[in-house]
Amino acid sequence: MKGLESEGVEWGAELRELRFQGAWRNSQWECELAERSEKSIPGFHESIFCSLQALRDKEFSIFDETLKQARCAEVEELCRDSLEAVSSLYPVLRNLQSIKELESVKQLPFSDLALNDICRQWRQHSQLLADSDFAVVEPILAVRSVAQHALLSKVGNSNSTESLSSALTDHLMELSRWACTAGNTQLAERAVHQMKMQGGARTSWQLEEAQVFWAKGEQGLALGLLRQMIHSLEEKVDLDPTVVPAYTESLRLCGNWLAETCLESPGVILEKYLERAVELIEGECGGQDSLLQSQQTEAFLSLARFSDAQYQSIDKYMNSSEFENKQALLEKAKEEMNLMRQRKVTSNRYTIKVQRELELDEKALSNLRTDRQRFLCKAVENYIRCLEQGEEHDTWVFRLASLWLENADIKVVNDAMKKGVKQIPSYKFLPLMYQLAARMGTKMANGTSEDTGFHDVLHDLMCRASLEHPHHTLFIIFALVNANKDENFGTARLSKSSPRQITPFDQAESDQSAVNWGLRNVVLDIIDPEKH
């Protein structure tokens with residue numbers, strides 16, 4: 001703009017608007033331009049600039065009059081716009097929303113109650129705009145930022161200054177997160193820089209700064225900042241409970257990023273970061289603070305996903321041809337050792353070497369199976385705890401059900417699910433009713449010798465879902481119970497005296513009767529739970 005001005009370019013309406021937009025966004029209130037002709041109407045950004053300047057100088061009559069003119073101009077523009085494409089209305093609607101929010105800022109310096117009410121309205125509106133294009137939302141957020149900065153520079157009361165500063169920090173934090181999500185890291189960096197200049201809590205903007213660096217791809221710098229935060233907060237966490245949320249979030253993020261970059265071993269990430277974060281936030285979440293509850297849910301989910309990823313990695317390896325070859329070699333070595341013992345071969349260098357390698361391989365195999373079950377149990381346990389808390393991560397019920405059904409023969413998993421199906425709201429399992437109901441008779445059909453508890457857990461879950469959501473569940477159960485009725489009615493009875501051999505069809509019928517047995521028990525428990 002200064003280059004155009006130095007070249008003596010004539011200021012048209014469009015360039016004039018751009019100059020005013022740059023001025024109010026950067027809080028440059030000494031903007032000198034040639035006077036506008038009396039017939040021309042001020043543009044939107046010129047009106048915003050003048051109203052913010054009037055608000056800053058506490059000239060409220062000019063502030064009201066300017067915004068009134070701006071609203072009239074935008075409404076006229078809205079009436080002229082074509083309705084062929086809805087997107088053509090977005091700029092005008094965005095401008096009207098900016099004007100509305102600027103009007104609400106007028107009362108902020110005089111009442112803490114008004115400040116809380118307006119911040120609540122802004123949060124509600126931001127939630128509505130969460131899925132909108134950031135290019136549309138950003139100008140509204142920019143108006144909020146500049147308006148609060150303008151008020152903060154002119155407020156003399158220390159209490160009002162503290163309240164406004166806190167509200168502005170929260171707003172800048174939200175702006176930074178939105179910008180990072182949209183990929184606009186430059187704007188996110190600017191928001192973090194403004195938080196630094198505000199002089200608020202160091203931990204809040206430092207944590208956000210680390211996330212901005214991570215979004216930019218500067219992973220080493222982001223991890224370095226997080227580790228510095230963890231080191232500094234670790235000394236304070238036992239003395240000051242207020243730093244627990246920031247310390248927990250730092251641990252959780254650091255654990256996630258270390259897992260993504262593979263810079264630490266899984267055991268270190270699990271114990272030093274993710275489990276530690278869960279342990280701390282569990283002790284803190286005694287009340288109804290929604291922010292702490294959300295943080296607790298995120299901690300559970302991070303631990304569950306990491307454990308699940310490790311379980312899948314081990315399981316994939318144990319199903320690979322490489323592992324099969326290793327097991328075959330292990331069996332061959334065992335046979336060789338047994339043969340040498342039978343023939344009483346004297347110990348020599350070769351036999352000692354084979355014995356030592358055999359012991360090491362058996363120990364490695366045992367550790368691998370132990371780790372597999374450990375990570376599996378951790379994943380199931382923390383998916384359950386995550387699904388108990390809220391509705392943010394309900395889709396993870398599909399992964400929980402998948403882990404459960406894949407490992408239905410493991411008693412520890414069924415024991416965890418027995419507690420989980422009582423704690424997780426039953427409506428979260430409704431999308432899985434078809435898959436779960438179809439497995440009601442697997443216990444009898446498979447004829448398993450050891451009862452791992454799978455059928456009992458499934459039975460309890462189906463009963464609870466049927467009692468609490470009968471319209472979503474009972475029709476599935478009845479359909480499966482009566483699946484073979486048409487065949488039974490159409491098949492003639494065989495004579496009792498005529499001998500016959502067992503056929504594959506009889507086996508299928510037996511399997512169906514097993515399913516029916518399980519489903520009928522569910523129905524009977526629903527009808528009369530005391531007798532059944």
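Predicted model: local features only at pLDDT ≥ 70, side-chain atom pairs only at ≥ 80, totals over all residues.

Visitor: What makes up the secondary structure of the protein?

Guide: The secondary structure comprises 24 helices and zero strands. Of the 532 residues, 42% count as buried. Among contacts with a separation of 6 or more, 64% are between residues 24 or more positions apart.

Visitor: Why is α3 called roughly antiparallel to α4?

Guide: Helix α3 (residues 44-56) and helix α4 (residues 60-80) pack at an angle of about 160 degrees, and their axes are 8 Å apart. Angles over 145 degrees count as roughly antiparallel, so α3 is described as roughly antiparallel to α4. The crossing in which α3 passes α4 is left-handed.

Visitor: Which residues of α3 and α4 meet?

Guide: From α3 come Phe 44, Ser 47, Cys 50, Ser 51, Ala 54 and Leu 55, and from α4 come Phe 60, Ile 62, Phe 63, Thr 66, Leu 67, Ala 70 and Glu 74. By class, the contact of α3 with α4 holds nine nonpolar, three polar and one charged residues.

Visitor: Why does Ser 51 count as buried?

Guide: The relative accessibility of Ser 51 is 0%. Buried means under 20%, and therefore Ser 51 counts as buried. Leaving aside residues up to four places away in sequence, Ser 51 touches Phe 63, Thr 66, Leu 67 and Leu 102. Its side chain also reaches the backbone oxygen of Ile 48 at 2.9 Å.

Visitor: Why is Arg 144 called buried?

Guide: Arg 144, which lies in helix α7 (residues 134-154), has a relative accessibility of 2%. The limit for buried is under 20%, so Arg 144 counts as buried.

Visitor: What makes the pairing of the Arg 144 and Glu 101 side chains a polar contact?

Guide: The two side chains are 2.6 Å apart at this contact, and the cut-off for a pair of N or O atoms is within 3.5 Å. Not counting residues up to four places away in sequence, Arg 144 touches Glu 101, Trp 122, His 125, Ser 126, His 171 and Glu 174.

Visitor: Is Cys 463 buried or exposed?

Guide: Cys 463 lies in α21, and its relative accessibility is 10%. Since buried means under 20%, Cys 463 counts as buried. Cys 463 and Thr 473 are ten residues apart in sequence, with 9.4 Å between their C-alpha atoms.

Visitor: Which residues of helix α17 are buried, and what do they pack against?

Guide: In helix α17 (residues 397-406), the buried residues are Val 397, Arg 399, Leu 400, Ala 401, Leu 403 and Trp 404. They pack against α14 (290-318), α16 (349-389), α18 (411-423), α19 (433-437) and α21.

Definitions and conventions: Residues numbered from 1 in each chain as written. Heavy atoms only, no water. Buried < 20%, exposed > 50% of the residue type's maximum accessible area, 1.4 Å probe, protein only. Helix = DSSP H or I, 4+ residues; strand = E, 2+ residues; numbered from the N terminus. Contact = heavy atoms within 4.5 Å. Polar contact = N/O pair within 3.5 Å; in protein donor to acceptor, adjacent residues only side chain to side chain. Axes fitted to C-alpha atoms, helices over the stretch in contact; angles between N-to-C directions. Parallel < 35°, antiparallel > 145°, perpendicular 65-115°, else oblique. Left-handed = near helix turned anticlockwise from the far one by under 90°. Nonpolar A, V, L, I, M, F, W, Y, C, P; charged D, E, K, R; others polar.
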